[in-house]
Amino acid sequence: MRVLVLHSHPVEESFGAALHRQTIESLKAAGHEVDDCNLYAEGFDPVLSRHDRMIYHDYPMNTEAVKSYVERLQRAEALVIVTPVWNFGFPAILKGYFDRVWLPGVTFELVNGKVTSKLRHIRKLGAVMTYGADPFRAFIVGNPPKKIIKRMLRAMIKPFAPVVFLAQYDMNRSTEETRKRFLERVRREMERF
Ligand SMILES: Cc1cc2nc3c(=O)[nH]c(=O)nc-3n(C[C@H](O)[C@H](O)[C@H](O)COP(=O)(O)O)c2cc1C
């Protein structure tokens with residue numbers, strides 16, 4: 001499959017960046033064609049401006065400022081997100097990617113006010129996430145990033161589309177051993193994605 005990988009970590013030496021490298025390597029080893037979209041490295045501008053908001057519904061004019069990102073999304077047959085969790089959501093650069101690229105006319109259409117997906121070309125969804133919090137604390141606050149992946153994005157692609165959700169919780173107390181084990185899990189899961 002052509003897999004679009006969205007990555008949002010600003011530090012090349014981080015564990016998040018290591019997970020990104022592992023994901024790319026394992027997807028390629030499995031024979032997938034990978035489009036590596038490293039949002040920080042590409043200097044993606046996440047700010048939806050006043051002008052962007054004024055033309056938000058005017059397809060295809062709304063795509064002009066982010067044309068290459070729209071084309072990359074439209075070519076994708078699968079999507080894998082590799083990101084840390086910040087303030088129980090996505091880092092701003094990744095949130096801004098969704099605000100600016102997942103536009104009316106691109107990912108959905110409003111038909112009589114009802115949302116209809118235009119993402120049927122995407123068949124599978126994956127996520128590799130790290131949390132500072134342990135699973136219980138994430139659960140108590142409702143684990144919003146997990147719901148965005150497993151409910152919102154999944155439903156936008158196709159109800160009950162296959163999803164691989166890999167999370168390393170409790171990063172604040174991680175050890176070399178726990179990090180190694182999670183990298184190994186990511187390798188295994190991405191090689192059979
Ligand atoms: C700005 C910021 C906000 C964060 N907010 C949360 C949070 O709300 N919940 C959580 O579980 N971890 C939070 N963390 C911890 C990160 O998830 C954790 O540092 C990261 O997953 C570890 O991966 P890294 O070492 O590759 O950055 C936050 C970290 C930063 C820098």
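Colleague: Let's start with L4. Which residue does L4 stand opposite in β2?
Modeller: L4 faces D35 there. Keep in mind that this is a predicted model.

Colleague: And how many bridges join β1 to β2?
Modeller: Six, and the two strands run parallel.

Colleague: What about the sheet, in which order do the strands come?
Modeller: The order is β2-β1-β3-β6-β7, five strands in an open sheet with parallel pairing. β2 (33-38) and β7 (163-168) are at the edges with a single partner strand each, so one side of each has no neighbour in the sheet. From one strand to the next, the twist averages 10°.

Colleague: Which strands does α1 touch?
Modeller: α1 packs on the sheet and touches β1, β2, β3 and β6. Its direction makes about 160° with that of β3.

Colleague: Switching to the core: which residues touch the most other members?
Modeller: L4, V5, L6 and L79 do, within a largest nonpolar core of 42 residues. Elements that each supply at least two residues include β1 (2-7), α1 (15-29), α6 (144-157) and α7 (176-191). β3 gives the most, with five residues.

Colleague: What does V5 touch, leaving out residues up to four places away in sequence?
Modeller: V5 touches T23, I24, V34, D35, D36, C37, V80 and V82.

Colleague: Last one: what does UniProt list for residues 1-138?
Modeller: The unreviewed UniProt entry lists "domain: Flavodoxin-like fold" for them. In the model, that span is 31% helix and 25% strand, and its end C-alpha atoms lie 32 Å apart.

Terms used: Residues numbered from 1 in each chain as written. Predicted model: local features only at pLDDT ≥ 70, side-chain atom pairs only at ≥ 80, totals over all residues. UniProt positions renumbered as here; feature names shortened; annotations may be inferred. Helix = DSSP H or I, 4+ residues; strand = E, 2+ residues; numbered from the N terminus. Core = buried A, V, L, I, M, F, W, Y, C linked by C-beta atoms within 7 Å. Buried ≥ 20, exposed ≤ 12 C-beta atoms within 10 Å, placed from the backbone. Contact = placed C-beta atoms within 7 Å. Pairing = 2+ DSSP bridges. Axes fitted to C-alpha atoms, helices over the stretch in contact; angles between N-to-C directions.
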